[in-house]
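Please look over the sequence and the structure below. The report that follows describes selected features in plain terms.

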Amino acid sequence: MLPIVPVILAGGSGTRLWPLSRKSYPKQFLPLFGENTLFQQACLRAKAISDEPLLIVSNDQHRFIVSEQLRLLGIEDSRILLEPSGKNTAPAIALAAEYLKQDGKDATMLILSADHYIPDVEALLNAVNNANIFASKNHLVTFGVTPDSPHTGYGYIKKGRCMDEGEVYVVDEFVEKPTSEKAKEYIDSGDYQWNSGIFLLGVNTFLDELKTHSLPIAQSIESSMRDFTLDMGFIRPEKKSFKFCPEDSIDYAIMEKTNNAITVELDTHWSDLGSWSSLWDANSKDTENNVFFGDVMNINGQSNYVYSQDKFTAVIGVSDLVVIDTHDALLISHKDSVQEIKTVVNHLKKDAPHLTQHHRQVLRPWGSYDSIDQGERYQVKRICVNPGAKLSLQMHHHRAEHWIVVSGSAKVTVGENNLLLSENESVYIPIGETHCLENPGKIPLELIEVQSGSYLGEDDIIRFEDKYGRE
């Protein structure tokens, strides 16, 4: 059989689990079950299945989050491929396939989403090993989950002819998300599975099928990967060719058109965590069926999901609610209505887009900042710089800054002057002066930054030098 290369799709728009998930920090990078994030859990599952180096497909905005979360796991041999823009799953998988082909890798790709919940790794391993027998013989394998309810939020797979003792079937039909009545019919028939979005695909088989059924995607991706570049270890496809690539899912582009698709049964708990109610379903519950994160007190409340980021939260006499409290937003919804979050997000994109883009605490490749107060002509931030990290050499046209070191040590450049600051020491950066901040120590540098001026937007930055390759 061919070796298995795990390919983890780590894109995402950060809308379905708002307000905890945002565009700059979508759900796969959040620790929703235990200490590890969903992305980290996907990586650990992949490493348990195959010894081959991981291939991560992500985007430019999340590249440092991906690399940092891999570093925290001690995974050093992975490759990170950056999509120039989001084009859905077919182009993303095609980028991975073209890269492996150029690398001379004759293998099957195990396509995993970074935001799925699969607690039983052994069941997934057994299904993948079973599937690899068929993927190595040029079948396109998808994994169907045995349904335990008439779920209307998932697509379905209709099983056809049995190929291997009741676990492997020819795909008869892919079905879109059904109505409640249709979903019940599917469950009662016993002929349908949930479409998990997990695939096992031979590199050359996939590329041949892509050329047959979606030639424009195949041509664009082949051209884009022919001229890929390496940037700080990140794999960057050529942007111009990729720009003309059609946007499509692997289901539409190939799986619904090919005669070569089979489904392998994945008989275990699985969820794509597409809503807060699915988070409630997947988590362990207390004696009143509640799921609580943070400092939460409950009095006569049942079947609630409460996430409190930094406040004491009391729940009294309510049931079936989702309560999500973050630094800058509060969501209260009945569990049956959480799909309406998309209406809230669409409204915010027009009237308050920052609430869909970023958290109050924003991660950067050098550390993070937290906007703790702001007014018409001032803003106060708490800044944390990782040991050995350095911000860009920059200047601002419209604001001055005052830095006060709280802990650690700071190496500061202001114009032609170089300073070394310790706790309780400060420095002033006038408007228009070039400046730079570095943490030369071995512990995190924490400081308070007070900005003042006529414009305080993040786009008032002129960078002259940046070790992270940002423009």
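Arg382 and Asp370 meet through their side chains in a salt bridge, with N and O 3.3 Å apart; a salt bridge here is a side-chain nitrogen of Lys or Arg within 4 Å of a carboxyl oxygen of Asp or Glu. Arg382 is in strand 20 (residues 378-385) and Asp370 in strand 19 (residues 367-374), so the pair links distant parts of the chain, twelve residues apart. Helices (H or I, at least four residues) and strands (E, at least two) are DSSP runs, numbered from the N terminus. Arg382 is partly exposed at 39% relative accessibility, whereas Asp370 is buried at 7%. Buried means under 20% relative accessible area, exposed over 50%, and partly exposed in between, with a 1.4 Å probe and protein chains only.

The model is a predicted one: local features need pLDDT of at least 70, side-chain atom pairs count only at pLDDT 80 or more, and totals for chains, interfaces and linings use all residues. Residues are numbered from 1 along each chain as its sequence is written, and side-chain values use heavy atoms, with hydrogens and water left out.

**Salt bridges**

The whole structure has 19 salt bridges. Three of them are set out here.

| Pair | Closest N to O | Relative accessibility |
|---|---|---|
| Asp325 and Lys311 | 3.2 Å | Asp325 8%, Lys311 38% |
| Arg63 and Asp60 | 3.0 Å | Arg63 6%, Asp60 32% |

Asp325 and Lys311 form a salt bridge. Because Asp325 lies in strand 16 (residues 321-325) and Lys311 in the loop between strand 14 and strand 15, this pair ties together parts that are 14 residues apart in sequence. Asp60 and Arg63 belong to a network of salt bridges that also links Asp231 and Arg236.

After helix 2 comes Gly74, with a positive phi near 75°.

In helix 6 (residues 203-213), the buried residues are Val203, Thr205, Phe206, Leu207, Glu209 and Leu210. Their cover includes helix 3 (89-102), strand 8 (192-202) and helix 7 (215-226). Ser224 lies in helix 7 and is buried, at 0% relative accessible area. Apart from neighbours within four places in sequence, Ser224 is in contact (heavy atoms within 4.5 Å) with Pro237, Glu238, Ser241 and Phe242.

**Nonpolar cores and a surface patch**

A nonpolar core is a set of buried Ala, Val, Leu, Ile, Met, Phe, Trp, Tyr and Cys residues joined through side-chain atoms within 4.5 Å. The largest one has 93 residues, of which Ile8, Phe39, Ile56, Phe143 and Trp276 touch the most other members. Helix 4 (residues 121-135) gives this core its largest share, seven residues. Apart from this core lies another, of 40 residues, including Ala96, Leu100, Phe174 and Met255. With neighbours within four places in sequence left aside, the contacts of Ile56 include Ile8, Phe39, Val66, Leu70 and Arg79.

On the surface, Met297, Ile299, Phe312 and Ile316 form a nonpolar patch with about 390 Å² of accessible area together. Patches are made of residues with over 30% relative accessible area and no salt bridge; like charges are joined within 9 Å, and nonpolar side chains (Val, Leu, Ile, Met, Phe, Trp, Tyr) within 5 Å. Accessible areas come from the Shrake-Rupley method with a 1.4 Å probe, and for residues only the protein chains shown count as cover. Phe312 lies in the loop between strand 14 (305-308) and strand 15 (313-316).

**Backbone and cysteines**

Trp18 and Pro19 are joined by a cis peptide bond, with omega about 10°. Pro19 is in the loop between strand 1 (4-9) and helix 1 (38-49). Ser303 is not a glycine, yet its phi is positive, near 60°; Ser303 is buried at 14% relative accessibility. Asn424, also not a glycine, has a positive phi of about 70°, and Asn424 is exposed at 71%.

The structure holds zero disulfides, a disulfide being a pair of cysteine sulfur atoms within 2.5 Å. Cys384 is partly exposed, at 22%, and Cys436 is buried, at 6%.
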